[in-house]
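Could you walk me through this structure, one question at a time? Let's start from the picture and build up from there.

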Amino acid sequence: MNRDSVQALVGAGILSVAGQSVAQEKTSVELFASSPIEAGQTVRLKLTVTPSAGAHVYYLNPGEMGFPVEVAWENLPEGVSVSDLEFPVPHRVSTGDLSTYGYEGPTHFYANLSATQAFEVPAEPLRATVSWLACTDAQCVPGSQGVEFAWSAPQTFDESEEDKGLPVAAGGDWETSLAREGETWVLTVKAPAGFEFPAPKSLDLFCEDSNIEDPTRKPEFERQDERTLRVVLAASEYPSGKKAGEEVTFVLAGLSPARKLKCAFPSE
Amino acid sequence: MKLVAGFTALMTATGTLQADEAKPAAKEMSKMSANPGEVAPAFTLKDLSGEEHSLSDFKGETVVLEWVNYGCPFVKKHYGSGNMQKLQETYKGQDVVWLSVVSGKTTEGFSQSSADEAGSKATAILLDPTGETGKDYDAKTTPHIFVINTKGEVVYNGAIDSNSSANPADIEGAEKYVVEALDAVLAGEEVKTAKTKPYGCSVKY
C-alpha cells in the first residue's frame, strides 16, 4: 500500500472550543482508488470515514438533525469529473432524543472518477476536503479534513471487495408508486417475476431526501403477495419542497443487496 | 469550565435505535407542539437572577423564543459570528421581546458568565430545568426559534436560516427564515415560510 500517494492532511476544524478537538482528531478519513487514472478511463474511489468509538456520522438524509458526510473537490482539472458520493445503507441511531440516520465504525463511501481522452496527468495531486458531523455520547463535533489523490500512484483498494452495504439501483423491471393518504405516504413496490420479498420484520426503508418521511416513526411493511410490498410511512411535519413529478429515492434495506427505488413525487 | 460543562450537558446519548423500539407509522402520537396558527403554550420561567417571566407578561407584544446552549457548535456559528446578537439588537429596537431559553440538563451549571461570554443581547435568558416548556413547544435543537405575534399565536417555528452547516461562512448566503418572519409580522403581513426543520444540537431533556 502506497502511503505516500494518498495522504491525510492536517485536520482543519470548522470550530475550535475546549473539549471538541479530541473527538475530531479521532475521526479519520482515507481515500483509495481502484487503480491509477489514465486518459479515457473511469476508476472507482473509496472514501473511508471512521468516527471515534461511540460516535456516528450522518447519512445523506440525516433525520431530525445533523448533516451528511460531504466531499468538496478543490482542483479538478479540465477533462476530469467525479460523480456524487454514494452512501451505504444507514441505520437508525438516536442522537439524544432525536431520531437520526447514520453510521458507526469504519464507513465506506464511493464515487466514480472519470477522465476524458484529452486528459493529461497534472503535476499536482487532486485535493479534496471531507467534512462531517460526528456525535458521541458527550458532544457533536463538526469536522473537516483534506485528502489527496495522487494521479499515477494512488493508495489502492480491491474493487472486487467493494462494500456490500452499498445499495444498488433497482432495474427497470421494478415498479414503484408513491401516494399520499392523509398523514402518511404509501409506497408500493412490485418486484420482477421470480423475486420474493423476505418477511417484513427484516426490512427497513430510508429516503435519500429529507422532509419526506418522519424519522421518529418506523415504516410499516405489508407483503401483499410474494413480490408486492406496501410500505406506509408517516409523513414529515416539514414541507418537502418537492414538486409533483420530481424524483424521490428510497433505499429498501433488508434485501441482498439493498435496492434504490426511484419514484415520482405526487401532489401533496 | 462552565462553557464546556454546558456544552457537554447539551449533547445527548448516542445509541442504536432498534427497529422494534421505533414508533409505527400509523399510530398517532400525543406530543405537544407549537405549530404556526396555534396559541403559544403558556409558561412561567425564572431568569438567571431568579426573576419570573411569564409569556402572559408580554401580551400584545411580538415575542421570539430562542432555544440555546452556548457550547453547541451550531449556536456558536451564530454567536461567534455576531449574527444572533445582531438579530437580537435589531428586533429589540423594534419592540420585539427576545427570550433565550435553556432547557433540561443544559441548565446544570449554566450561569450569567456563559451568556456574557457569548455576548447575548437577549431581553432575558430563561431557565427551564425540567424541560417542560421545551417539551410543550417541542423544541428539538439549539438553536430552535419560535416567533409569537401580538395575539399570542405562533407564526414561525423552525430554523434560524436555511443552511444547516456549522460553518459561520454559510450564514450570508442562507435564506433568513427568522428575519423574514419577523419582518412580515412587524409589517402586519402573513409569514410565508411559517415552519421549517430546525437544525443544531439536540436538546437534552
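**Strands, rings and a helix**

Author: Welcome! In this predicted model, strand β18 (residues 247–253) of chain A pairs with strand β19 (residues 259–264) of chain A in the antiparallel sense, over six bridges.

Reader: Which residue of β19(A) stands opposite A:Val251?

Author: β18 and β19 of chain A are antiparallel partners joined by six bridges. Within this pairing, the residue of β19(A) opposite A:Val251 is A:Lys260.

Reader: For contacts in chain B with a separation of 6 or more, what share joins residues 24 or more positions apart?

Author: Let's take both chains in turn. In chain A, residues 24 or more positions apart account for 69% of the contacts with a separation of 6 or more. In chain B, the corresponding share is 76%.

Reader: Why is strand β9 of chain A described as largely enclosed by the rest of the structure?

Author: Strand β9 covers residues 126–135 of chain A. A residue counts as buried when its relative accessible area is under 20%. The strand is largely enclosed because the buried residues number eight of the ten.

Reader: How many bridges join β9(A) to strand β10 of chain A?

Author: Strand β4 (residues 70–73) of chain A runs antiparallel to β9(A), with four bridges between them, and A:Trp73 stands opposite A:Ala128 there. Strand β10 (residues 140–149) of chain A also runs antiparallel to β9(A), with A:Arg127 and A:Glu148 as bridge partners. The bridges between β9(A) and β10(A) number ten.

Reader: In the open sheet β1-β2-β8-β5 of chain A, what is the average twist from one strand to the next?

Author: The four strands of this sheet have antiparallel pairing. Its edge strands, β1 (28–33) and β5 (80–82) of chain A, each pair on one side only. From one strand to the next, the twist averages 20°.

Reader: Which residue of β2(A) stands opposite A:Glu30?

Author: β1(A) and strand β2 (residues 42–50) of chain A run antiparallel and are joined by six bridges. In that pairing, the residue opposite A:Glu30 is A:Thr48.

Reader: How many residues apart are the aromatic partners A:Tyr101 and A:Phe206?

Author: Their ring centres are 5.4 Å apart and their planes are at 85°, an edge-to-face pair. A:Tyr101 is buried at 1% relative accessible area, and A:Phe206 is buried at 2%. A:Tyr101 belongs to strand β7 (residues 98–103) of chain A and A:Phe206 to strand β14 of chain A, so the pair links distant parts of the chain, and the separation is 105 residues.

Reader: What is the geometry of the pair A:Phe195 and A:Phe197?

Author: A:Phe195 is buried at 19% relative accessible area, and A:Phe197 at 1%. Their ring centres lie 5.1 Å apart with the planes at 75°. Planes over 60 degrees apart define the class, so this pair is edge-to-face.

Reader: Which residue lies over the face of A:Trp185?

Author: Two charges over rings are worth a look. A:Lys46 lies over the face of A:Phe32, at 5.3 Å from the ring centre. Over A:Trp185, at 4.9 Å from the ring centre, lies A:Arg180.

Reader: Which elements of chain B do the buried residues of α3(B) pack against?

Author: Helix α3 covers residues 83–92 of chain B, and its buried residues include B:Leu87 and B:Tyr91. The packing partners in chain B are β5 (62–67), α2 (73–80), β6 (96–103), α4 (112–118), β9 (144–148) and α6 (177–186).

Key
Residues are numbered from 1 along each chain as its sequence is written. Chains are lettered from A and ligands numbered from 1 in the order in which they are written. This is a predicted model: local features need pLDDT of at least 70, side-chain atom pairs count only at pLDDT 80 or more; totals for chains, interfaces and linings use all residues. Side-chain values use heavy atoms; hydrogens and water are left out. Contact means heavy atoms within 4.5 Å. Two strands pair if DSSP finds at least two bridges between them. Helices (H or I, at least four residues) and strands (E, at least two) are DSSP runs, numbered from the N terminus. Buried means under 20% relative accessible area, exposed over 50%, partly exposed in between (1.4 Å probe, protein chains only). Axes are lines fitted to C-alpha atoms, for helices over the stretch in contact, and angles run from 0 to 180 degrees between N-to-C directions. Rings of Phe, Tyr and Trp (its six-membered ring) pair if their centres lie within 6.5 Å; planes under 30 degrees apart count as stacked, over 60 as edge-to-face and the rest as tilted. A charge sits over a ring if NZ of Lys or CZ of Arg is within 6 Å of the ring centre and within 35 degrees of the ring normal.
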